[in-house]
Each structure stands twice: as structure tokens, then as C-alpha cells.
Amino acid sequence: MKQKTIVYANTIDYDQPLQQRPHHLMKYFSENGYMVYWVNYTQRTDKVRDRISDTLEVYHNWEVFLKRHPKVDIYFSSWAMRHTDLESIKADLVVYDSLDNFPENEHEEDNMISKADILLAASKPLLELRSKQHKNVHLVRNACFKELGDLDYPIPEDLIPYTKKNKPIVLFSGALTSNWCDLLLTEKVAKKYQVFVVGLPWGIKEMPKGVHYLGSKGYQELQAYYRHADVTLLPFQRCQISDFSNPLKVYESLAHGTPVVATDIPEMDDYKDVVFVSRNHKEFIKNIQKAIKVSKCNEYKNKAKKMAKNNSWDDRFEIINSAIKEFFKGEKDEKGSTFNNTIL
């Protein structure tokens, strides 16, 4: 039985510096018996593909890919807008990885959900919502790599001058945006602490007053900031977007033993042992001081690292892999076809 082919297409570029959930999951697919095709969002005509390994190829043009591979075993998407791809490619199985719930995208979500055979939900609120819309939904939260907390990362050069001030390093990573971040809260924190942002500002003209912006960082670079921060922040507003989110940065920060101070979005309920959950601005700022105190405590660090290791990409991949195996097993039962479970 030939190995299963899976394509992840037209959403983000494979070689972007900050690797995200799709990069991690496709890596696991390629290392566990699948032939993975990644089609970049940025389309090019001067180059056809890059062969990353024997089981992972990156294509730079969707039309060229379709000519070579008009049919795949699995189409995997994490962006609802890409339901249009399914008009031009044939796939035995469509997996939709539902990551968020943007109000303006609800129509596109409906289109993708109607075409999917398996739905993955990145948070419990999404699981509850998608389970009303589809019969085959699985909770697959974000995660981290188990080994992150065991690796050594030197202090980033742009942090060194600030470490000499003997003041705590308070970090926000990711997209700082008025759409779901509480910029007023961030500014209040910056009045009391050294606050650093690594990532990309999104839809804002300038950083909140007092915040040090250090620019966008690659995946490995970012780990060094988590490692050497005293506290990381999750200053989210309570809104439809944040209430359905499961922030990846929480797992990566905890993997390094670095405490997280967060607003009380629903997904933080299961991590209150290691995340300082805050109901308002006053409590958020008080929790930063509490987090700073435990940031040097080995007992806390060990607990945080254990929590992160119990939420690994290995575990998440196994949930998806099992769902795929079950789907094809059902196909076999219905059609009498065969499926090589040893591959998966």
C-alpha cells in the first residue's frame, strides 16, 4: 500500500522565520509515514519546488502543483478561506484545523466546515461550537516541543543592556493588536515594569507608551526570550476572538519555566496551577509581582515545565493521526478497501 499523501496549501510560507502550528504538525506527518506537500502562500514562477526531505516537498505555485498532483489522499487546511482549493483538487479526506472564531469569517467557516470530513478544534470553546456544526470534531490544542526546557539559549544581545539594570524582564510575544489585546493594560504594566514586545504590531500605529519594541524574531530566537524573561504576558481583551483562542505562547513560555500572567480567557481555566489568571487590571498587575517572585523558584519551574511536557506536539499529532486512521478504517469497512495502518 502506497504511503498517504497530504497537502497543506496557500496559507503561509514554509520558510517564514517564525514557525507556527502548521509547520510543526506537517513536520510530524513527514516523519511518520506520510508524503507531505506544502504549497506556499507566496506564489512564484521562477522556481517549482524545494525538496526538504524524502517525505516533504515545498511547492511555490499552486497551478504547477495541481498539474503534478491533481489528487491527494488528504487535504489539510487551517484557514477557512481556502475552501476554494477544493474546487480544483481531489482529496479522499479533508481535514480542517479550526484555530479561531473571527466574526467576519463566519460565512467562510461554514463553507469549509461543510466540505470537511474531520474537524480539529484548537480550544474547548471552539470544540463546543464546532460540535454543533459537524459530527466528527476533535480537541487539538496548541502545544510545544518537549525538549524546549532542556535546551540552553544565550541571552539575546538586545536584552543584555536591560538585564544590567537588575529589573525584571516582562515579555509579550506575538501580534500586539487592538483587535484582541488590551493596549491600555499593556501601557499600565509598562509604567511599573520593563515591558518588551517581540513580534509584529498589527493594526496599530505605535507601541503603547513605555513599551520596548525589539522587532520580529524567528522561532529559535524567540525561545531565548522566553528563557531569559522573568514573566510573560497575555493581556487579552475578553472578546469573541480571544475567548475562542488557545495561545501557543503560553506553552512555550511554560516549557522554559517562565511564569505567565494572563487575563481570564476561558482556555486558561485548565492551567491555573502555573498561569496567574487575572480578572481585571488591578489583579493583573498584582499577579505580575507574584509571578516575578516565583520565577526563580525551582519548585514552580519544575511544575511549569512538567505542564508543558504534558502538552507536547507529539501528543497532539497522535490525536490527529488516530482520527485519520479511524476515518480510513471506516472507508475500508464501507468500501472494502485496504489501508496500511503501519504507515500511520
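Leaving aside neighbours within four places in sequence, F76 is in contact with I6, V7, Y8, A9, L25, M26, F29, V95, D97, L120 and I320. This is a predicted model. The protein chain holds 12 helices and 14 strands. Its radius of gyration is 21 Å, close to the 20 Å that the globule rule gives for 344 residues, so the chain is as compact as a globular protein of that length.

**Nonpolar cores**
- The largest nonpolar core has 79 residues. F76 is among the members that touch the most others, together with F29, V189, L254 and V275.
- Helix α12 (residues 313-335) gives the most to this core, with 7 residues.
- A second, separate core has 25 residues, including F65, Y75, V94 and V137.
- In soluble globular proteins, nonpolar side chains tend to be buried together.

**The open sheet**
- An open sheet is built from 6 strands in the order β11-β10-β9-β12-β13-β14, and the pairing is parallel.
- β11 (212-213) and β14 (275-278) stand at the edges. Each has a single partner strand, so one side of each is left without a neighbour in the sheet.
- Strand β13 (residues 260-263) runs parallel to β14, and 4 bridges join the two.
- V260 stands opposite V275 in β14. V275 is also one of the residues that touch the most other members of the largest core.

**Helix α9**
- Helix α9 spans residues 248-255 and is mostly covered, with 8 of its 8 residues buried.
- The buried residues include K249 and E252, as well as L248, V250 and Y251.
- L254 is also buried in α9, and L254 is among the residues with the most contacts to other members of the largest core.
- Just after α9, G257 takes a positive phi of about 80°.

**Cysteines**
- The structure holds 0 disulfides.
- C239 is in no disulfide; the nearest cysteine sulfur, that of C181, is 9.0 Å away.
- C297 is partly exposed, with a relative accessible area of 30%.

**Whole chain**
- Along the principal axes, the C-alpha atoms fill a box of roughly 65 × 45 × 40 Å.
- Buried residues make up 55% of the 344 residues.
- Of the contacts with a separation of 6 or more, 62% are between residues 24 or more positions apart.
- The accessible surface comes to about 16000 Å², and 49% of this belongs to carbon and sulfur atoms.

Terms used. Residues numbered from 1 in each chain as written. Predicted model: local features only at pLDDT ≥ 70, side-chain atom pairs only at ≥ 80, totals over all residues. Heavy atoms only, no water. Disulfide = S-S within 2.5 Å. Buried < 20%, exposed > 50% of the residue type's maximum accessible area, 1.4 Å probe, protein only. Pairing = 2+ DSSP bridges. Core = buried A, V, L, I, M, F, W, Y, C linked by side-chain atoms within 4.5 Å. Contact = heavy atoms within 4.5 Å. Rg over C-alpha atoms; globule rule 2.2 N^0.38 Å. Areas by Shrake-Rupley, 256 points an atom, 1.4 Å probe, with all protein chains shown as cover.
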